[in-house]
Amino acid sequence: MKRAREAGHSAIGFFADLDSLLGAVRAARAARWGEVRTISPIPLPEVDEALGARPSPVRRFTLAGALVGFLLGWALTIGAAEHYPIIVGGKPLVSITPFGVVAYVCTILFGALFTVAGMLINARLPKIQVGRGYDPRLTGNRFGLQVICREEEIEAVRKKLIELGAEEVKYVQV
């Protein structure tokens, strides 16, 4: 990953069909060219599998938010009851059932808010400007394979992408 960030150059190969893209992804991973990304007009689980994508980290944000909400719900209700006690008929100040409902609602609320925040952070949104490698064909009817590598590797990567079925290879400085 560090090597790819230092590279600063990339080649984007344009593919007409999914099979040739999958073959190119597997070849790029096997050759260890550098950081490999795909650009597609539709979600492709097969490509994620070929790239060895890990599960989304957003679920950790959801868990953290749920735990914060749960603890905050209990702290809010117990703290209010302890600071402003209203003793009615000798009943205990801390009552599990009504306080549990508040804790449950806070768990759901904070879990949802942290999930949205985690999604925005991991998607790097909002994106103010379109990336340099943008090409309108990649949002329409073509698939793209972007290989980020060093400048001296660009020509070898271009030749290999053409061999693997790319219709065209475009150079982009990252």
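Contact means heavy atoms within 4.5 Å. Helices (H or I, at least four residues) and strands (E, at least two) are DSSP runs, numbered from the N terminus. The model shown is predicted: local features need pLDDT of at least 70, side-chain atom pairs count only at pLDDT 80 or more, and totals for chains, interfaces and linings use all residues. Residues are numbered from 1 along each chain as its sequence is written, and side-chain values use heavy atoms, with hydrogens and water left out.

**View 1. The buried side of helix 6.** Helix 6 spans residues 154–163, and its buried residues are Ile154, Val157 and Leu161. They cover an arc of only 65 degrees around the axis, so they sit on the same side of helix 6. That arc is taken from the directions from the helix axis to the C-beta atoms. Buried stands for under 20% relative accessible area, exposed for over 50%, and partly exposed for values in between (1.4 Å probe, protein chains only). The cover over these buried residues includes strand 1, strand 3 (143–149) and strand 4 (168–173).

**View 2. The other side of helix 6, and what follows the helix.** Here Ala156 and Glu163 are exposed. Just after helix 6 comes Gly165. Its phi is positive, about 110 degrees.

**View 3. Gly13 in strand 1.** Strand 1 runs over residues 9–15 and holds Gly13. Gly13 counts as buried because its relative accessibility is 0%. Neighbours within four places in sequence aside, Gly13 is in contact with Phe143, Gly144, Leu145, Leu161, Ala166, Glu168 and Val169. One of these, Leu161, is also among the buried residues of helix 6. Val172 lies 159 residues from Gly13 along the chain, and their C-alpha atoms are separated by 11 Å.

**View 4. Gly118 in helix 5.** Helix 5 covers residues 96–122 and includes Gly118. With 0% relative accessibility, Gly118 counts as buried. Gly118 touches Val58 and Phe61, leaving out residues up to four places away in sequence. Between Gly118 and Arg59 the chain separation is 59 residues, while their C-alpha atoms are 8.2 Å apart.

**View 5. Two buried cysteines.** Cys106 has 12% relative accessibility and therefore counts as buried. Cys149 is buried too, with a relative accessible area of 2%. How many disulfides does the model contain? A disulfide is a covalent bond between the sulfur atoms of two cysteines. The rule used here asks for a pair of cysteine sulfur atoms within 2.5 Å. By this rule the model has zero disulfides.
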